[in-house]
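I opened my notebook beside the model and picked a few places to look up. Here is what I wrote down as I went.

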Amino acid sequence: MDSPFTVILYYQFAAIDKPDDWVAEHKRLCAGLGLMGRVYISDEGINGTLAGPPDAISEYKTALRSRPGFAQTEFKEDTCDRIPFARLI
């Protein structure tokens with residue numbers, strides 16, 4: 001039986017202009033996809049651990065890689081039977 005959720009762990013060093021502006025946009029993306037976990041965004045890049053349905057995770061990865069400087073972001077992935085995070089931070 002396939003696990004219903006995917007967990008990803010990733011980071012990417014890349015310059016981010018106005019990281020506070022990107023935080024709000026990024027949180028809307030994650031919330032809209034039903035993802036839970038923690039993502040840290042700074043002017044130096046991004047570091048995150050997220051969980052959600054496989055299709056939502058795939059859409060998230062595509063969205064992140066479409067941003068300038070993030071096309072080469074690598075993700076470590078695993079599956080799980082439940083989302084291990086209580087909220088989105």
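Is Gln-12 buried or exposed? I looked this up first, and Gln-12 is buried, at a relative accessible area of 17%. My cut-offs were under 20% relative accessible area for buried, over 50% for exposed and partly exposed in between, with a 1.4 Å probe and protein chains only.

Some ground rules, for the record. I am working from a predicted model, where local features need pLDDT of at least 70 and side-chain atom pairs count only at pLDDT 80 or more, while totals for chains, interfaces and linings use all residues. Residues are numbered from 1 along each chain as its sequence is written, and side-chain values use heavy atoms, with hydrogens and water left out.

I placed Gln-12 in strand 1, residues 5-13. Helices (H or I, at least four residues) and strands (E, at least two) are DSSP runs, numbered from the N terminus. I then listed the contacts of Gln-12, with contact meaning heavy atoms within 4.5 Å. Beyond its neighbours within four places in sequence, Gln-12 meets Glu-44, Gly-45, Ile-46, Gly-69, Phe-70, Gln-72 and Thr-73.

Thr-73 sits in the loop between helix 2 and strand 4, and it is buried, with a relative accessible area of 1%. Its side chain and that of Gln-12 form a polar contact of 3.5 Å. For a polar contact I took a pair of N or O atoms within 3.5 Å; within protein, one must be able to donate a hydrogen and the other to accept it, and residues adjacent in sequence count only if both atoms are side-chain atoms. The Thr-73 side chain also reaches the backbone oxygen of Phe-70, at 2.8 Å. Not counting residues up to four places away in sequence, I found Thr-73 touching Tyr-10, Tyr-11, Gln-12, Leu-64 and Arg-65.

**Entry: the helix pair**

How do helix 1 and helix 2 pack, and at what angle? I read about 155° between helix 1 (residues 19-33) and helix 2 (residues 54-65), with the axes 9 Å apart. Axes are lines fitted to C-alpha atoms, for helices over the stretch in contact, and angles run from 0 to 180 degrees between N-to-C directions. That makes helix 1 roughly antiparallel to helix 2, a label for angles over 145 degrees.

Next I checked who meets whom. From helix 1 come Trp-22, His-26, Leu-29, Cys-30 and Leu-33, and from helix 2 come Ala-56, Glu-59, Tyr-60, Ala-63 and Leu-64. I sorted the residues of this contact into 8 nonpolar, 1 polar and 1 charged. Here Ala, Val, Leu, Ile, Met, Phe, Trp, Tyr, Cys and Pro count as nonpolar, Asp, Glu, Lys and Arg as charged, and the others, Gly among them, as polar.

**Entry: Lys-18**

I found Lys-18 in the loop between strand 1 and helix 1. Lys-18 has a positive phi of about 55°, although it is not a glycine. Lys-18 is exposed, at 61% relative accessible area.

**Entry: Arg-38 and Ile-89**

Arg-38 belongs to strand 2, residues 36-42, and counts as partly exposed at 43% relative accessibility. Leaving out residues up to four places away in sequence, Arg-38 touches Asn-47, Gly-48, Thr-49, Leu-50 and Ile-89.

I turned to Ile-89, in the segment after strand 4 (75-80). Ile-89 is partly exposed too, at 42%. Apart from neighbours within four places in sequence, Ile-89 is in contact with Gly-37, Arg-38 and Val-39.

Notes
Angles under 35 degrees count as roughly parallel, over 145 as roughly antiparallel, 65 to 115 as roughly perpendicular and the rest as oblique.
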